[in-house]
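Here's a quick tour of a predicted model. Have a look at the structure first, then read on.

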Amino acid sequence: MKKAVIGLCFALLLGISGCSRQQSDWEKTRAANTADSYEQFIRKYPSGEFTAQAQARVKELYEERDWQKARDADTQEAYQAFLKQYPEGKWTEEARIRVENFTLAQAPSNATPAGAETANTPGNPPSANPPATGTAPASPSASASKSPAAPMPVPSASPPTAAKPAAAAGSFGIQLGAFKSSADAANRRWANVAKAYPKLLQGMSPTVAPKHIATGTLYRLQVVGLTEKHARAICNSLKAQSQACVLIHPNQ
C-alpha cells in the first residue's frame with residue numbers, strides 16, 4: 001500500500017515538474033517569437049498544452065514574412081502569388097486591393113486620348129496648307145489678279161481656342177481599395193483610413209463603385225471630383241505610408 005502511495009506521489013511530482021518545464025519553455029519561446037523557436041517547441045511538445053498556440057503563431061509569422069516579400073517586390077504577380085498561398089489570411093484583403101489597383105492603373109495605357117486619334121501622329125503630320133487635289137499650282141500673276149478677293153480661311157488659323165487640357169479640373173479621382181466581400185468592407189476601410197489620415201482626407205466623400213469580374217463583384221472604394229494635382233498628392237502621401245492608392249484618370 002505504501003509503495004502504491006509513494007508511486008502515485010512520484011508520478012504527481014513528475015507531472016508537476018513536466019508542466020512546470022513546459023510552461024517555462026513556452027515562455028522562452030514566446031519571448032524569442034521566431035518561427036524556428038515555435039517549431040522547436042512543437043517538436044518537443046507535439047501534444048502539449050501550448051502546441052496549438054505555437055502552430056497558429058508559426059503560420060502567422062510565415063504569412064508576415066511572405067507578405068513583406070510581396071510588398072518589397074510590389075508587383076501584381078507578387079501579390080497574386082501571395083493570394084494563391086494565403087487565400088484567407090490576415091493580409092489577403094490588402095493583397096486583393098493591390099492587385100485591383102494594378103489592374104486599374106494599367107487601364108489608361110489601352111485608351112487613346114480624346115482628339116488624339118489623327119492629330120499630330122507620326123503618320124499624319126499637321127498640314128496647315130494641304131495641297132489641292134486635281135488642280136495645278138496657281139502662277140504668281142494669277143494670284144495677284146485675284147488678290148482683291150477675300151482669302152480662303154486656313155485650317156490652322158481657326159479661332160484661337162486653347163488646346164484642350166488632358167482633363168478638366170475635378171475630373172480625376174483616387175481608389176483606396178477593392179473588396180470582394182461587400183460594400184460594407186469598403187466603408188470600413190474608409191473609416192479606418194479617414195481616421196488615420198484626417199488632414200489628408202478632410203472634407204472628402206467616398207463612393208463605392210461595384211465592378212463585375214469573372215469571379216464575382218469588386219466593391220471599389222473611390223474618391224472622385226479631384227484635380228490631377230490633388231489626386232496625385234494624396235496618393236503619393238498614402239503610398240509613402242504603405243497604404244494602397246491609385247490614380248483614377250478621367251473616363252476610366
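Contact here means heavy atoms within 4.5 Å. With that in hand, take Arg71, a residue of helix 3. Leaving out residues up to four places away in sequence, Arg71 touches Tyr79, Arg98 and Ser242. Ser242 sits 171 residues from Arg71 along the chain, yet their C-alpha atoms are separated by 8.7 Å.

Now for how helix 3 packs against helix 2. The angle between helix 2 (residues 35-44) and helix 3 (residues 51-73) is about 150 degrees, and their axes are 9 Å apart. Angles over 145 degrees count as roughly antiparallel, so that is the label for helix 2 against helix 3. The crossing is left-handed. Here is who meets whom:

| Helix | Residues in the contact |
|---|---|
| Helix 2 | Ala35, Tyr38, Glu39, Phe41, Ile42 |
| Helix 3 | Thr51, Ala54, Gln55, Arg57, Val58, Leu61, Tyr62 |

Sorted by class, this contact has 8 nonpolar, 2 polar and 2 charged residues.

On to the cores. The largest nonpolar core has 22 residues, and Ile174, Leu176, Trp190, Met204, Leu226, Ile234 and Leu238 have the most contacts inside it. At least two residues of this core come from each of strand 1 (172-179), helix 7 (183-196), strand 3 (216-226) and helix 8 (228-240). Apart from this core lies another, of 10 residues, including Trp26, Tyr45, Phe50 and Leu61.

Notes:
Residues are numbered from 1 along each chain as its sequence is written. This is a predicted model: local features need pLDDT of at least 70, side-chain atom pairs count only at pLDDT 80 or more; totals for chains, interfaces and linings use all residues. Side-chain values use heavy atoms; hydrogens and water are left out. A nonpolar core is a set of buried Ala, Val, Leu, Ile, Met, Phe, Trp, Tyr and Cys residues joined through side-chain atoms within 4.5 Å. Buried means under 20% relative accessible area, exposed over 50%, partly exposed in between (1.4 Å probe, protein chains only). Helices (H or I, at least four residues) and strands (E, at least two) are DSSP runs, numbered from the N terminus. Axes are lines fitted to C-alpha atoms, for helices over the stretch in contact, and angles run from 0 to 180 degrees between N-to-C directions. Angles under 35 degrees count as roughly parallel, over 145 as roughly antiparallel, 65 to 115 as roughly perpendicular and the rest as oblique. A crossing is left-handed if the near helix is turned anticlockwise from the far one by less than a right angle, and right-handed if clockwise. Ala, Val, Leu, Ile, Met, Phe, Trp, Tyr, Cys and Pro count as nonpolar, Asp, Glu, Lys and Arg as charged, and the others, Gly among them, as polar.
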